[in-house]
Amino acid sequence: MASSLASQLYKMRTLDRAMGNERAHNVRASFLFDGRQAADLDTQTIFDIGRDGLQELRQMNQRFDAYADTLFSEAIKDMDRVLQTKEENAKLDESIRSFLFQLAPHFLTKPAGKAIEWLVRRFRIHEFNARDVLAAIMPYHETKAFLTMLTIITFETSDMDLFGFLVAQRKSRRLLDRQTLMAQCLRDRSLMAFVCEAVFRACRQGLDYPGLHSFYAMVMSQYIGQLPTIDNSAVQFVVPCVLDGLSLSSRDAQAAAYMVLGSLAARATLTEDALEKVLCAVAGRRPADVRTMAMCLVQVLQTQADAFNARLPARLLGVLASHATLPRILSQLAESFDVEMFMRPLLSSLAHHAFTSAELSQFLAALVAALPVAYAPTLCERIVAEYIAHGGAQGSSAEIVDVVRLRYGQQLEDAIGAAAAGSSSAVGDSEAMHKMLYELKAGGSNNRSGVVHIKETSTTLYLSINHADAGIRLVAAKALKAIVAGERTDVELSREEASSLVVDRLAHDDSEQVLEVVLSLPLPTLVEGPALVAALVSVLDDERVPLGKLSSSVAGNLLAIDATDAQTYGRVASAL
């Protein structure tokens, strides 16, 4: 009852002030002038100042053009918002909110100050839009401009629980330092939520300016670091903030979310469900920078090693496999950092699923081709165990066995010997098991690309064409071209085997030279129409390499496809 009465009295006072004559006031709220100076300036003068500021802002960003006919128009100059309907004021508030966030990147400039002065005079944003004002300028909380704005803000009674601490700052005219802000966030989590939502709203409005994301990352990381304990409620509060940050397309916004997630993972043990959700979001929401994304995954799993019991979820593996450049990036990270706590469960989990998933088998093959030999023992032991568990290997699983045998021959033999001697708990002691181990040691795959040797690379065609080094892939692509052309009489590949290698390069390779060689092959005779169209379109759409002269090669191959069925014809026509 008391709160309701106070709110009514507040509105009555506001209305009384609005209905009075402007010249009757000795003091006026102002962002640019002191109260007495502002009282001597009429509405037309302030309007001219505001319009001048808007013109300067329009030169900085064309997005401000839209406000020339609304908030800064002649038609609205004499409008009194107190006399407007609820619906009209709601529409006005939305326009003001949009403008304030658009203004935020320029808040410390003179044109912004001029525009704010008009908004204060005509629309009294310091009274009716206090929350939006603070939300837009909170990243500048340690500046004098923020304090100036704070000194004229009038808080609604309902906002005092959230912003009451700012009254003391205003009275003492002290800058709102980070320590004071963090102390209040720790006392009242709703203030931290307000800060996060303000940042995300700015991002959703298309804003991406220096200071915005670093402010979010630092405030959230400090908040996590200064909490006495990280309980379930704290995790449930922070995780949605991380997910919101990951959903943004901005590189800086995603990097800030990675930083916050790293801070949380360093202090809290996440549940398996929460960790799976977050990691899938990290890897799956179109990361702007795959390397930074990979570093975040490594950091989190280094601190959450026991969450999945050494077995990563299949959903996460599928998301990781969608990034063609990830094997090469992980190889680079392994050379500079300790990534063992991430790589061992990753390789073990991929080995498990490679026997049932062609996609994950191919992803594991790419990793094997790129990673240092230090990870071979773990992988080989798991391959042996899965080979026995599945009663052998066929199709894509046979290919990965060939790749591991050729890349890590000695380590695979050691793992087979250990299993045969009964030293591995993953195998039994039956005659069938020993027969499978013999077959595994002898090699039972019919995948000829896994055994075709390339003298120049000292390894096989399959490993060479999937190698992390573009130069080695180029040599392999040329060798494949020679085999297809019949220039190498010592070996022959089936159409299916050649098609598999070709499609994989078109879909994933990021080397212009490699793609140029692959595109020069007689592709329509090697690859079925629908699969070839999809692979060629990926070259055009993925922007992995500058297209340049590749465009004509892609177009030529598309035109050469015998598109007898309507679906293939439609895709070719659409691509062209």
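I count two residues as in contact when heavy atoms lie within 4.5 Å. My helices are DSSP runs of H or I with at least four residues, numbered from the N terminus.

**Entry 1: before looking**

I am working with a predicted model, where local features need pLDDT of at least 70 and side-chain atom pairs count only at pLDDT 80 or more, while totals for chains, interfaces and linings use all residues. I number residues from 1 along each chain as its sequence is written, and side-chain values use heavy atoms, with hydrogens and water left out.

**Entry 2: α29 against α32**

I looked up which residues meet here: E512, L515, E516 and L519 in α29 are in contact with L550, S553, V554 and N557 in α32. Sorted by type, the residues of this contact are four nonpolar, two polar and two charged. For that sorting, Ala, Val, Leu, Ile, Met, Phe, Trp, Tyr, Cys and Pro are nonpolar, Asp, Glu, Lys and Arg are charged, and the others, Gly among them, are polar.

Next I checked the geometry. Helix α29 (residues 512–519) packs on helix α32 (residues 550–560) at about 30 degrees, and their axes are 10 Å apart. That makes α29 roughly parallel to α32, a label I keep for angles under 35 degrees. The axes are lines fitted to C-alpha atoms over the stretch in contact, and angles run from 0 to 180 degrees between N-to-C directions. I also noted that α29 passes α32 in a left-handed crossing, with the near helix turned anticlockwise from the far one by less than a right angle.

**Entry 3: salt bridges**

How many salt bridges does the structure hold? I find 22, each being a side-chain nitrogen of Lys or Arg within 4 Å of a carboxyl oxygen of Asp or Glu.

I opened E197 and R204 and found their side chains joined in a salt bridge, 2.5 Å from N to O. E197 is partly exposed at 39% relative accessibility, whereas R204 is exposed at 52%. My cut-offs are under 20% relative accessible area for buried, over 50% for exposed, and partly exposed in between (1.4 Å probe, protein chains only).

E340 and R344 form another salt bridge, 2.6 Å from N to O. They sit four residues apart in helix α20 (residues 340–353), so about one helical turn separates them. E340, at 34%, is partly exposed, and R344 is partly exposed at 26%.

R495 pairs with E528, with their closest N and O atoms 2.9 Å apart. This one links distant parts of the chain, 33 residues apart: R495 is in helix α28 (residues 495–508), and E528 is in the loop between α30 (523–526) and α31 (529–541). R495 is partly exposed at 33%.

Methods. Helix = DSSP H or I, 4+ residues; strand = E, 2+ residues; numbered from the N terminus. Parallel < 35°, antiparallel > 145°, perpendicular 65-115°, else oblique.
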